[in-house]
Amino acid sequence: MSEASPEAQPRTPTARREALHFALRNRKLVVGTIIIGVFLVAAVFGPMTIDHKPTDYVGPPMTPPSSEFWFGTTTFGQDVFAQFLYGLRSTFLVGALGGVLAAAVGMVVGFVAGYRGGWVDELLNMLTNIVLVLPALVVLLIVNAYLGVRSIGVQALFIGLTSWPWAARAIRAQTFSLRSRDFVDLARLSGVRTPKIILREIAPNMSSYLFLTFILLFGSAILIAASLDFIGLGPTDSVSLGLMLNNAARWSALQLGMWWWFIPPGAGITAIVGALYVMNVGLDEVFNPKLREM
Amino acid sequence: MALKVTDLRVYYRTLRGEVKALDGVTFSVADGEIMGLAGESGSGKSTLAKSLIRLDGRMRHVGGTVELDGRAMPLSDDTAMDEFRFRKVSLIPQYSMSALNPTRKIGKMIGELLESRGERPDRAELERRLELVGLSKDVLDRYPIELSGGMKQRVVMVISTLLNPSLLIADEVTSALDVSSQKAVATTLLGFRDHGLVTSMMVVTHDISLVYQIADTIMVMYAGRLAEKAPADALVNAPRHPYTQQLISALPEVGVRYEDRRLTGIPGNPPSLLNPPGGCRFRDRCPLASGQCAEQPPFAEVAPGHFVACWKAE
Amino acid sequence: MRRYFGRKLLIYGLTFFVAVTINWMIPRFMPGDPVSSMLSRANVAQPEAVEAMRAHYNALFGFDLPLWRQYLNFWGALLKGDLGISIWLFPTPVTDVIIRAVPYTLGLLLPSILLSWFAGNRFGAFAARRKWLDNSVLPVGYVLTATPYMWLAILLAWALGIVAGVFPVAGAYGFDLQPSWSWEFVGSLAQHWFLPFASLFLVAFGGWAIGMRNMIIYELEADYVNYLRALGAPMRLVRRYAFRNAILPQITGLALQLGVLVAGALVTEIVFSYPGLGHLILQAIQNQDFFLLQGTFLFIVIGVLIANFVIDVAYVLVDPRTRTGMGGQA
Amino acid sequence: MMLKLDGVSKVYRVGAFGGRELKAVSDVSFEVGEGEVVSLIGESGSGKSTIGRMILRLASISSGTITFDGRDITSIKDRKEYYRQVQGVFQDPFSCYNPVFRADRVFSMIKEQYFPRVGADEWRKRVAAALESVRLDPGNVLGKYPHQLSGGQLQRMLIARAVLLDIRLLVADEIISMLDASTRIDVLNLLADLRARGLGILFVTHDLSLGNYVSDRTVVLRHGKIVEMGRTDLVFGNPVHPYTRSLLASVPRLHTKWADVATGDDVPCAYHEAPRDSRTRPGLAEVEAGHWVACAGCAASGIEEKKIKEKA
């Protein structure tokens, strides 16, 4: 980028160094990151340590946690711990895919509406508001109910397509305020075209903001997916934390006192989403100097 | 003597260490005096203004004393300072346009503010003062959003002077304004003093020619220290400090054209206040600097009411 | 102000239109044949009977008409309040089934939304005052908002219902009771209501408390606060102003959260077999009752739209700026 | 004339669906020649920055034409070709630099767009020369982030950027109003140096003393209309429009206090006093050679009735 000045010492920007300084000292961020890290490792590598399918009937039914089955077994003798590890994987997958898709749609709509303004903005704004007002889960219910075969990918796709509006709104507002900054005009005066201006001038300025948005979308995608699974519209071909809850409720784990069946999946979701939220606040404090003093 | 500041030091905490934004300033403001406080960005003028009314979270009172009407002000004790605020020392902030609570009618807000300070609102007096700045009493029934920027600023000016403070600090109140409104605001400030609503005033600005119009004395700051303080005419027409001299000669005036007289700025930049060099802080940019300047010159009175911090100013 | 409401109503009208169109489109354009899947549940042996039923349902959906006719007919039936016949509770009209369930859902949602909003805001503002309180309350708040509604519901049902045996965990009133206005029945209603209400309340409460705490901290940085502090105004006054101003974005937040709250109520009802709309949805899905599912969907959308409008009105009442700025007098 | 504005207006539509209209600039005509500094003076809301943005093609023109070397600028399809000759520098130096990148990115952006074939060494030399021409030490400013540089340095770099392109017209919009007093004059002097190299400069400012210091001709705007224009020495030496007079009277001066400045309010309208054949530009009368003024009443609102009366 600085080919004009190879002789000058490329210095680390103090802003970035400051951010790192605060990041390492921010308890919320550190704790959140560690929790997410632990679960992520469990989700990625955990299933490799298990030599049977999570739905296999591997043990005696309804046994409480033991050294053999860490989280006990289901009414049918399935290994809850194996299901938990595989379920974590689905949860991260659905959160990442749904979050990425929602962030992508939100970014496109937000950038275009905020940068172009005028009637394009009016139109996109209206679209955003309509999708915003529609209760996402209920729309997803309808869509998923008609799908005979449901996969995590399709679930994430529809979650992404319904949960972008608030991100679009927020990004639009940011873009709108950045657009009036002089460096955008200067780029135009340098002959740079609009898509490049958005990508190379505006987006880098909101990178922290975009990341925060993605984290929140990640969390909300996980929660929506869990609700869908719980209602019985989860993936038909795999295990997820929401489906575990669904099965536990359906097969009366409550009445039978099988707490090991329904506590791990819910605790897993809560821990992941909670860690994401706490990370979000921590990052916000790191990026936003105003909040650092608090 | 209304205000007496002695060796005041206020530092800013930053990541890279403490910025010595105000590093030992000693001066006084007499009863009835309007003192212009001029300086460039980073000179410490805003820090000085803030210190006298409310330190913000990152500022630390390191040393020195401030006396107002013979009473010491507990600068670093936020609660104890409340007694002085508004009644003894008051502020017209730079952000006047956004200084009013957007969801309260102005009259109601003023009433609640006075009540919270244990003062009884005097409606007739309030209306009289609004009239003084050219506002009708109707503004009391309006929300801030219904007023123009200039009107909001005038409302703030009235509120700030409502309890007849001994010292009014006006912080860059004209910098965002057009030429014609600048004149109106400056004249209003002058009126506050002349009507006895405030005893003395400190007008903080980066615009020497503006403050020259209304101030009795002007004090120039440079890099956290005082450079010169003198009666306005003396400071503008016969400055003694090399910094003031160069600063004033760098200001274009109506009628000066570069073809006739090419003005020049001051080369170089002010020193970093994180670790300022010892001695006179202007010496790197000063044409008169000599070995003696490695030692900090005293802020000495070279003529009646004319103080200069320079070895060469005799 | 008329302009403001006009715009809002236009959006809501369009949203309703979109919702109805989605509702119409999905059975027609999604992969799979809804009629076949309904028939497969019917368990009819004779092929002639199956064919007869297929013809019946096809006519009901109007699959033999051109698409635009189908669409117009769909709207026509809708405007007459005809959402079809429920398959699960054949032959009750879908509208009747839904109307019977709506009071239960509203009875859960309204109190939990309103109470959590008021209490959460108060508490969040209070937490922002003290650092220790802030540090201890904040993590709890984050855990609460991150909790899936159904999981908290399951935990409460298990702990307070099954283990402690204090509250019943299924239905809206005792199995042995008939709806009446007796004390016994009302008492049973309240007992059954409490746990689902509590789980909805707690999750939402965490979210509001955190939102308010963040808004207050943001407000306390505002220029008007600095000015008041410079004039020695006591924190009491400053906090009152900050709270009042921070509540405004929280009202907007309420509108944005409606969808999530409704979703929470649906899954909570499922956990407690509470006979509201969520329970209907579960039954509709399990019985492949698409008429019921679609009818419920439309009802929920209409409810959310009405709630949004109520919030818009409330916002205008609370924020003087919308009244003066949009009233056209400025 | 290199740049010529002819009856240029700018109408903004405000409100959601363009309900109301706001005329920011109305019927403005003036010229900027090569090697000439024209200052455009006005208070906030005078439309001065809008005019600058229209010339830079950052805002559309509602009516009228702007021509550059006789070509309508909106007809120049290739914007790059236009920007090769016309550039701008804006008020807030910190806002002109993308804070996440190094400041010298403004140069590499130009290289990428206009000089992709120039070799790295050659380009480095050119950048160094341009920086030296604005009295900056390349070693001091290259490779740094905007927040590590002062406002004055940043503004000079932007001027150096324009120099690199070897432009012919520079629109300088309030370029020194955010700089410190001790450095602003040096940036102003740079404009004078550029002028000596044959550049035409449109210097947009609210500060009369700065406009007076540097410009050959002056255009005074109020509410989007020209109230007075002409050679700078004439406009400032003998202001005839009451608005120009009151502006001059309000300017805080260093050696004179406001009370000492004579205002001389009750002068008759110079436009209507002047003979009819002196109305050589629309709405402006030439009161002396090279000095035009608008009707004193016309500058206020209610211009439409005035115009009608005038015709009657």
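This is a predicted model: local features need pLDDT of at least 70, side-chain atom pairs count only at pLDDT 80 or more; totals for chains, interfaces and linings use all residues.
Residues are numbered from 1 along each chain as its sequence is written, and chains are lettered from A and ligands numbered from 1 in the order in which they are written.

**Chain A**
- The C-alpha trace of chain A spans about 75 × 45 × 35 Å along its principal axes.
- Of the 294 residues in chain A, 53% are buried (20 or more other C-beta atoms within 10 Å of the residue's own, with C-beta atoms placed from the backbone).
- Among contacts in chain A with a separation of 6 or more, 70% join residues 24 or more positions apart (contact: C-beta atoms, placed from the backbone, within 7 Å).

**Chains B and D**
- In this interface, 33 residues of chain B are in contact with 31 residues of chain D.
- Helices H6 (179-194), H7 (208-214), H8 (232-237) and H9 (242-249) of chain B each supply at least two residues of the side that touches chain D.

**Helix packing in chain D**
- Helix H7 (residues 151-165) and helix H8 (residues 181-196) of chain D pack at an angle of about 10°, with their axes 10 Å apart (axes are lines fitted to C-alpha atoms over the stretch in contact; angles run from 0 to 180 degrees between N-to-C directions).
- H7(D) and H8(D) are therefore roughly parallel to each other (angles under 35 degrees).

Terms used
Two residues are in contact if their C-beta atoms, placed from the backbone, lie within 7 Å. Helices (H or I, at least four residues) and strands (E, at least two) are DSSP runs, numbered from the N terminus. A residue is buried if 20 or more other C-beta atoms lie within 10 Å of its own, exposed if 12 or fewer, and partly exposed in between; C-beta atoms are placed from the backbone. Angles under 35 degrees count as roughly parallel, over 145 as roughly antiparallel, 65 to 115 as roughly perpendicular and the rest as oblique.
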